[in-house]
Amino acid sequence: MKRRLLISTALAWAALSACAESPARPQFPHSPPITYERIGSLMQVSVVDRTTGRELPIYRHRGEYWVAGRPGTRYAIRARNAMGERVMAVMSVDGVNVVTGETAGVLQNGYVFSGGERSDITGWRKSDSQIAAFEFTSIANSYASRTGRPDDVGVIGVAMFRERVPVPPPPPIVLPRRDDSSSSSREMERRSEAPSAVAEAAPAAPAAKARSADSALGAESAASAKGGLARQSPPAPSLGTAHGRRETSHVGHTTFERAQSTPDEVVRIRYDSRENLIAAGVIPVPPPPPRWPRPEGPSAFPGSEMGYVPDPPARY
């Protein structure tokens with residue numbers, strides 16, 4: 001019985017000693033944020049810092065996409081058509097159409113991209129040959145605020161439309177000729193079915209549907225803005241987009257008929273300063289290291305020699 005007890009005690013002693021020597025498991029209290037370089041299916045959209053030429057990281061937070069800007073930095077909206085067909089992109093910054101300067105609506109004019117084409121939209125379109133550069137600035141100095149429209153500052157939008165492909169008419173049905181009056185009547189019917197001329201960037205649906213699409217997007221923007229950083233007291237001034245210096249940028253004109261009155265895809269990217277995005281939890285940061293890192297703690301079982309408690313050494 002004594003021998004069996006000693007073996008059991010030795011096994012327990014060895015297990016405790018092994019636990020004391022095992023290294024602590026690494027802990028990761030802050031996982032890295034999920035970032036993207038570009039988003040979108042029909043077109044891949046990103047925001048480019050024109051000073052460095054790099055695409056800004058896009059952070060996803062609570063169902064929305066964010067980029068961090070710096071005041072005074074010029075930026076561009078980079079878009080690449082991922083389709084093998086033409087796609088129209090109606091772009092807005094701070095709720096303003098970047099081509100026409102109107103309060104943005106999805107059925108307004110935009111840019112038409114050929115299949116696989118990529119382009120950087122660098123500013124507000126002033127003419128066929130000039131733009132005013134996009135530049136991060138304070139809300140008060142933003143183009144939208146200076147034109148009396150400050151409610152939607154801090155968002156970039158791209159509404160994408162596929163092109164309507166005309167269907168060739170069926171071959172005419174040849175019927176036995178009866179008289180001239182019936183023949184001319186059938187000819188007038190065929191002419192009335194022919195499509196009318198398409199204006200530049202013309203919509204392909206009644207105005208009622210267009211208004212419903214605009215109101216739906218406006219409701220979405222208003223709902224999301226209620227919880228936005230601009231409605232709270234951010235630690236740093238929030239950003240807008242200025243009407244920057246003039247630059248040369250040539251553009252041509254074309255016609256485009258949308259396949260439908262509602263966008264096939266809408267990309268929305270919000271932006272603010274890095275300080276505000278960190279304060280809002282959009283950009284998580286690890287905690288700072290402690291001022292005085294504590295040394296490794298004493299081991300409860302520094303020795304591995306088994307036995308019983310020995311006598312202490314003599315005092316003298």
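Three strands make up an open sheet in the order β11-β12-β14, with antiparallel pairing. Strands here are DSSP runs of E with at least two residues, numbered from the N terminus, and two of them pair if DSSP finds at least two bridges between them. The edges are formed by β11 (123-125) and β14 (239-248), each of which pairs on one side only. Neighbouring strands of this sheet are turned by 35° against each other on average, direction ignored; the axes are lines fitted to C-alpha atoms, and angles run from 0 to 180 degrees between N-to-C directions.

The model is predicted: local features need pLDDT of at least 70, side-chain atom pairs count only at pLDDT 80 or more, and totals for chains, interfaces and linings use all residues. Residues are numbered from 1 along each chain as its sequence is written, and side-chain values use heavy atoms, with hydrogens and water left out.

Three bridges connect β11 with β12 (residues 130-138) in the antiparallel sense. Within this pairing, R125 stands opposite I131 of β12.

The structure holds seven aromatic pairs, where rings of Phe, Tyr and Trp (its six-membered ring) pair if their centres lie within 6.5 Å; planes under 30 degrees apart count as stacked, over 60 as edge-to-face and the rest as tilted. One of these is the stacked pair of Y75 and F136, at 4.3 Å centre to centre with 20° between the planes.

F136 and Y271 are both buried. A single aromatic cluster takes in Y75, W124, F134, F136, Y143 and Y271.

What does β15 pair with? Strand β5 (residues 64-69) runs parallel to β15 and is joined to it by five bridges, with W66 having R270 as its bridge partner. Strand β13 (residues 155-162) runs antiparallel to β15, over six bridges, and there V158 is partnered with V267. β15 is mostly covered, with seven of its nine residues buried.

Conventions: Helix = DSSP H or I, 4+ residues; strand = E, 2+ residues; numbered from the N terminus. Buried < 20%, exposed > 50% of the residue type's maximum accessible area, 1.4 Å probe, protein only.
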